[in-house]
Amino acid sequence: MKFFVDSAEIDAIAELNETGMVDGVTTNPSLILKSGRDILEVTKEICDLVEGPVSAEVVATEADAMITEGRKLAKIANNIAVKVPLTWAGLKACKTLTDEGQMVNVTLCFSVNQALLAAKAGATFISPFIGRLDDINLDGMDLIADIRNVYDNYGFETEILAASIRSVNHIADSARIGADVITAPPSVLKKLADHPLTDKGLEAFLSDWAKTGQQIL
Ligand code: E4P
């Protein structure tokens with residue numbers, strides 16, 4: 001399973017990238033706002049830092065304008081994935097841009113039917129939003145499982161990119177179901193290594209090591 005960082009904060013992406021765990025990055029207009037940076041500048045910096053796909057989202061709502069924005073975003077770097085919303089205009093833009101050889105991430109997916117449409121439009125990635133479904137008392141993880149099942153039934157190659165992840169359990173469950181990619185905020189990704197028994201065990205080992213009076217270096 002691939003790990004994408006859901007952020008436009010260069011320092012946080014760079015820190016995680018040093019561990020080799022970063023396979024890509026996703027951004028959206030809200031994350032650009034949070035970063036306080038210019039979209040073209042910050043996206044270029046992210047693309048220079050990370051080898052894998054970097055999603056940059058269009059903000060037009062009509063297909064032709066989405067395509068024009070998508071082409072402009074695609075010029076930032078070879079690893080741009082143009083992000084379009086799951087609307088009819090977004091699907092049309094997806095089809096045009098993927099036909100041109102561009103990676104496209106279809107975002108704001110909340111149903112298996114929407115995911116089917118994105119796959120038929122040639123999407124590289126489909127982004128079902130787990131957390132936002134959980135927020136309204138639906139089960140976001142059920143949607144990931146449904147899409148996995150339906151895509152496998154027909155051999156669709158669109159990658160399932162589990163998005164709107166709020167907890168480490170969302171990541172473990174996405175992996176169990178077989179999502180191709182998860183995108184999560186740095187704060188959640190950093191929690192993946194945490195375990196109280198690791199902390200307790202390390203404390204005991206270091207305490208015993210101190211009693212040996214030895215040094216490795
Ligand atoms: C990523 O592609 C999505 O835009 C992001 O995961 C949405 O997350 P949120 O629901 O926490 O805003």
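A: A polar side-chain atom of Lys83 lies 2.7 Å from an oxygen atom of the ligand, a polar contact, meaning a pair of N or O atoms within 3.5 Å. This is a predicted model, where local features need pLDDT of at least 70, side-chain atom pairs count only at pLDDT 80 or more, and totals for chains, interfaces and linings use all residues. Residues are numbered from 1 along each chain as its sequence is written, and side-chain values use heavy atoms, with hydrogens and water left out.

Q: Nice. Who else surrounds the ligand?

A: The surrounding residues, each with a heavy atom within 4 Å, include Thr26, Asn28, Phe129, Arg132 and Thr183. By class, the shell has 2 nonpolar, 4 polar and 4 charged residues.

Q: Switching topic: how much space lies in the largest pocket?

A: About 380 Å³. A pocket here is an open set of points on a 1 Å grid over the protein atoms alone, where a 1.4 Å probe fits, with protein on both sides within 12 Å along at least five of seven lines; lining residues have an atom within 4 Å of a point.

Q: And which helix gives the most to its lining?

A: Helix α2 (residues 29–35), with 3 residues; helices are DSSP runs (H or I) of at least four residues.

Technical notes. Polar contact = N/O pair within 3.5 Å; in protein donor to acceptor, adjacent residues only side chain to side chain. Nonpolar A, V, L, I, M, F, W, Y, C, P; charged D, E, K, R; others polar. Points joined across faces, edges and corners; volume = space filled by probe spheres on them. Helix = DSSP H or I, 4+ residues; strand = E, 2+ residues; numbered from the N terminus.
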